[in-house]
Amino acid sequence: MRNRHSFVFYPLVAYAIVVIAPFLWIAGTAFKRQIDILQGKIIFTPVLSNFRQLFDSREATFLNDLYNSSVIAVSSTALVLVIATAAAFTLQRLSMPKWFINVIFLWVLIFYMLPPITFIGAWFIMADYIGLFNTRFAVILGHTTINLPLGLWLMATFINEIPKELLEAARVDGCNNRQIFSKVIVPLVKPGLISTGVIVFIFSWNDFLVALTLTTKATQTVPVSIATFAQEYEIRYGAMAAGSFISTIPALVLLLIGQKYIVKGLLAGAVK
Amino acid sequence: MSEIILKKIRKSFGKVEVLKEIDLEIRDTEMIVLVGPSGCGKSTLLRIIAGLEEATAGEVIINNTNVADKNPKDRNIAMVFQTYALYPHMTVYQNISFALKMSKVPVSTVDEKVRAAAEMLGLSNLMDRYPRQLSGGQRQRVAMGRALVRDPVAFLFDEPLSNLDAKLRVQMRSEIRLLHQKLKATSIFVTHDQVEAMTMADRIVVMNNGIIEQIGKPLEIYNKPKNSFVAGFIGSPTMNLLPGHMIDRRFKLENGNHIDLDKVNPDWNNKQGIFGIRPEDLVIVSDQEASETETLEVKVKVVEHTGLETLIYGDFGRTEMCLLTKSNEKIKSGDIIRVKVNPDKVHFFED
């Protein structure tokens, strides 16, 4: 087996090392004292001081940051899923004119390719102007906007896989469009919702740029918070590592739960 | 009481006209079969009746009401799809009861009706299964059950048997027929299989290129096809259709051969057209008989035995002909046989 696939196996091992090694290094760093980190010690006595610094110290905001991140990621994911699924259903299955569908998808694609940094400045001014600056809601809106194209593309692919006859059968059975959506489409597209949800959640959870621009200390998310450990006179490597280590946990758990759906989600449309 | 009348139905997809002025009356309790080659518009017509497709022009009148602008859900029509279209996330029970639930029938009535329908179709012990756990035939039955529970004004069947294997298809054919006799519900059945049409229909509607070629009882259509298309489409093996010219009692084929008949309908005299003989109306005669009557000489090419009958393909001059006789082992490829045309059974089409 290994022989036959060695041309796949060894590159994969190499890739796994490239991915895992820095993570293990960060995880290790999270348990080192600052002095051990600076000395580059490989053998060390693990301590929890970094974590204590995150959660227990007087100026600690990390719990609050985790809360912000969770609220923002969950809300924006939910928004993306609701809007994307309804929009994909409308575009793919309610006999919209072809040109309209194409224009929407092309626009979505273009928007997806634009780097967020090109409009983040404008968002800052807009949020400030309407009083949304430094609110979680602003970040939720931002993440929803950024992730919606991806969500729409993915959900459109999943909905496209549902045979048209099923919807016609439902129509003959007495459903209106709303009932078709809730009783046939949503239950059938559940794997798609899970995979899209996990992907969007992780994107939102990892986002730095939008959160950095639209929040201050009270509403900042974990990635922003971690960045603040690098200050002018001191870089708190230990705290940074501990924060990063903790912040990977939700994503890791979600990935493990939704693994089989995610692979399906990323591959959907590849062979069809 | 449910009667469906189609008035001047037209349908175009872009520039392509798939239905050209269809007029059809479907009587109460009747089983109508729409039959025709693929692309003839039969499925489109069915979908227009169901409300899944909107007619470009014309009226669909169900029980004296024009429903052309109504949604499928307001037409109270049940449909069995070619692919069955079972809801994969619902059990057999949920699939069958779905339509009743949508129309807010009380739960106890739903249960009663679903059990009755399942009983009728032999699905009672499969109620908790999901479609993916069923065989093709069972899925087909669930699709039927979904239609049966509803007490609709009409049942529409869109080639429901074409995904079954041959044996099951024959079985389901007679089961649907039996169900229809029991329920006496107006039914419209679409198929491209003329055997299905012949065996199931009260009346057959033969369609081609978006028009109705002929409407009639199965045997009426078989014995008196209106034109060469119907003649060639209905009947297996296919009717021999030979283009040519009728002069007195002699039919001159386009390729130079001719067929002499003992007697001929005087209306056909001196007309250009297509001469049609069903394979079973060509009778092999002995040499002795041949001297007393007009016969054709056919050189046998292929002999097919089906057990009960023998099918013979041969050349009559340069024209290929097919004839059907009772099982006959004597005839071999390469033989020359003499064939008599039954003059009462010949057809002549002027199209």
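Buried here means under 20% relative accessible area, and exposed means over 50%, with partly exposed in between. Everything in these legends comes from a predicted model.

**View 1. A buried aspartate pairs with a partly exposed lysine in chain A.** Start with A:D36, which has a relative accessible area of 2% and so falls under the 20% cut-off for buried. Its partner is A:K41, and the two side chains meet in a salt bridge at 3.7 Å, N to O. A:K41 comes out at 36% relative accessibility, so this lysine counts as partly exposed.

**View 2. Domain 1 and domain 2 of chain A meet here.** For the contact itself, domain 1 of chain A puts in 11 residues and domain 2 of chain A puts in 12 residues. Between them the two domains bury about 970 Å², and 71% of that is on carbon and sulfur atoms. Which residues of domain 1 of chain A lose the most area to domain 2 of chain A? They are A:A30, A:L48 and A:S49, which together make up 41% of what that side buries.

**View 3. A closer look at the domain 1 side of that interface in chain A.** How many salt bridges are counted between domain 1 of chain A and domain 2 of chain A? The count is 0. Polar contacts do turn up, with 6 residue pairs found across the interface of these two domains of chain A. Helices α1 (6–30) and α2 (34–39) of chain A each supply at least two residues of the side of domain 1 that touches domain 2. Of the contributors to that side, α1(A) gives the most, with 5 residues. Sorted by class, the domain 1 side that touches domain 2 in chain A has 8 nonpolar residues, 3 polar ones and no charged ones.

**View 4. A salt bridge ties two helices together in chain B.** Side chains of opposite charge can pair when their charged atoms come close. In this view the side chains of B:R141 and B:E175 meet in a salt bridge, at 3.1 Å from N to O. B:R141 lies in helix α4 (residues 136–148) of chain B and B:E175 in helix α5 (residues 166–183) of chain B, so the pair ties together parts that are 34 residues apart in sequence. Is the arginine buried or exposed? B:R141 is buried, at 15% relative accessible area, while B:E175 is partly exposed at 22%.

**View 5. Sequence neighbours B:K73 and B:D74 form a salt bridge in chain B.** The closest N and O atoms of B:K73 and B:D74 are 3.8 Å apart. Both ends are partly exposed, with B:K73 at 35% relative accessible area and B:D74 at 42%. Over all chains, a search of the whole structure finds 18 salt bridges.

View 6. Chain B has 9 helices and 20 strands. Its C-alpha atoms fill a box of roughly 80 × 45 × 35 Å along the principal axes. Of the 351 residues in chain B, 50% are buried. Take the contacts in chain B between residues at least 6 apart in sequence, and 67% of them join residues at least 24 apart.

Notes:
Residues are numbered from 1 along each chain as its sequence is written. Chains are lettered from A and ligands numbered from 1 in the order in which they are written. This is a predicted model: local features need pLDDT of at least 70, side-chain atom pairs count only at pLDDT 80 or more; totals for chains, interfaces and linings use all residues. Side-chain values use heavy atoms; hydrogens and water are left out. A salt bridge is a side-chain nitrogen of Lys or Arg within 4 Å of a carboxyl oxygen of Asp or Glu. Buried means under 20% relative accessible area, exposed over 50%, partly exposed in between (1.4 Å probe, protein chains only). Helices (H or I, at least four residues) and strands (E, at least two) are DSSP runs, numbered from the N terminus. Contact means heavy atoms within 4.5 Å. Buried area is the accessible area (1.4 Å probe) that two parts lose on being put together, summed over both. A polar contact is a pair of N or O atoms within 3.5 Å; within protein, one must be able to donate a hydrogen and the other to accept it, and residues adjacent in sequence count only if both atoms are side-chain atoms. Ala, Val, Leu, Ile, Met, Phe, Trp, Tyr, Cys and Pro count as nonpolar, Asp, Glu, Lys and Arg as charged, and the others, Gly among them, as polar.
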